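Please look over the sequence and the structure shown here before reading on. The questions that follow take up one chain and then its contacts with another.

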Amino acid sequence: MVSSLNDLAGGVFLLTAFGLIVPWQAAQSLRLFVVQSMCLAASALLLASGLGAPDLIAVGALTLATKSLLIPWLLRRTVSREIYTRRELSPVVNVPSSLLVALALVVLSYFVAGPLVAAVPRTFARVNLPIGLAGLLLGAYPLLVRREAIPQVIGILAMENGAFYAGVAIAPDLPLIAELAAAFDVLVIALVLGLLTRTIHERVGTTDVASLATLREIRVSGAILRKESGAREGAAR
Amino acid sequence: MTSRVLTNLLQVATVLLLSPLVRGILDRLEERVQSKRGPSVWQPYRDLWKLFHKDEVVSEHSSWIFRVAPYVIFVTPIFVALLIPVLTAYPLAFAFMGDMLGGGFVLALGGFFATLAAVDTGNPYGPMGASRTRMVGFLAEPVFMIVFFTVSFVAGSTIPYIVQQRWVRPLPTFFEPAHVLLMMAFIMLILAEAGRIPVDNPSGHFELAMIDESKGLEYSGRAAALVKWGGAMKFFVLLVIFLNVLVTPWGLATTQAPAQVLLAVPLVLLKILAFLLLLVVIESSLAKLRLFRITEFLGAAFVTATVAMITRVF
């Protein structure tokens, strides 16, 4: 029963990882990320009972608290609402090609994880390792092709989710302090990136990363003027 | 043997008689969600009754295809109903005549004739809808193929009775990622094939935006009734394949006792009702996609189905 529920969590985890690469609104990405984190937490809790590793209960609870409650709340607080409901117009790669790339990534992760699973004598690694690896790679994909800052942040967080998802199965007795540090780390990442995005949005008027390609020197005397021209440029794009 | 044939006939009767009801319930539920009262659940039966008593008008420029097509559309779902487990968990007399692939081909034959008939009339909206349906069809085709590959790979067969016994019924395999993903892909396929909302709007009255509906515009009287009824039966059959074979194979008759077989009818209806609730949620929360974004929708279905296969291959 534990194993089959873990399988179910794995399937939903993979589905949400796919959802993250399709350019919806940022709010959708965030919602999918919450569901994905819940799957991760569910898997950790199930593995805690399946492998008899009490540490994993703490991991599951931490994940649930930070990733499905605290981080979404932080990202919503720090970044203005308008960014979440705006529709991303032109992804760098169109959706069908993105989906095919995602497919290739999943094939790759299953291909790579095959021998690894054979080497690790853990029961749950057969499901968790390849799916976690796929989650990692699929989380990295938005970093390359999404143009908005928030989906990119969510991509980084999803990568972390994938790594954790594989981790709970292959190293269930990792010291709790490492998990704690990682959870706190992610929280800080979300906060810093959220604030950064907010500041960029205020200064430049856009969070389209394509228009943030060059650094610009701002002299104190001409600061206001430059800022305005930057905003206009951002709006034009 | 005779009882098996009788059960088989009962299956066909179930599909014939209950399919308009399912349509009616779905329409009513959708109107209720939009805070309207909605038509009665028996409205499709009244429509069919009315159409059967009306005169038929056939364009003199149309050929025999136009006249034959309604019968083909009407008969093909009945053929499929002979092959799939509608009421019983054990195979019936005709079960081994064709597998899921065969059923898919028979359903596709109905669609093919509908397309031909739409082109046959010379009504400008017919060919337009027909070509769009074909577009959705050929995008859905690879997904169907991958779904069947996966099913046959996992269960060792594409006969629906064997699939539900070997793969879907045992609990450990029910929850495995391949099955979850495959269910997801199949839901998307049903939405595309039945012309439901993210792909097509079945209640739209604007010919230029129609995909599935515009093929039947030229039909009147009895032919229109047959096309309508055939469409309802196709939807019913798709739901039955999805629910009884891939998702919830429970509640089907396991013995040949007539009481048990009859009891399976309300149970199947109950399962379909539960799925209709899900469908109403999907349809009410999504907007219809633009025509060229259907590629993305079915691309997602394709990738989901392929990943379902990959999780089992390695």
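Among the contacts in chain A between residues at least 6 apart in sequence, 77% join residues at least 24 apart, two residues being in contact if their C-beta atoms, placed from the backbone, lie within 7 Å. This is a predicted model, in which local features need pLDDT of at least 70, side-chain atom pairs count only at pLDDT 80 or more, and totals for chains, interfaces and linings use all residues. Residues are numbered from 1 along each chain as its sequence is written, while chains are lettered from A and ligands numbered from 1 in the order in which they are written.

Q: Over which residues of chain A is the pLDDT below 50?
A: The pLDDT is the predictor's confidence in each residue, from 0 to 100, and chain A averages 81, with 85% of the residues scoring at least 70. Where pLDDT is low, the predicted coordinates should not be read in detail. The stretch with pLDDT below 50 has 15 contacts in the model beyond near neighbours in sequence, and it covers residues 222-237 of chain A.

Q: Which helix of chain B gives the most to the side that touches chain A?
A: In this pairing, 18 residues of chain B are in contact with 24 residues of chain A. Helices are DSSP runs (H or I, at least four residues), numbered from the N terminus, and those giving two or more residues to this side of chain B are helix 7 (171-174), helix 8 (177-193) and helix 11 (294-313). With nine residues, the one that gives the most is helix 11 of chain B.
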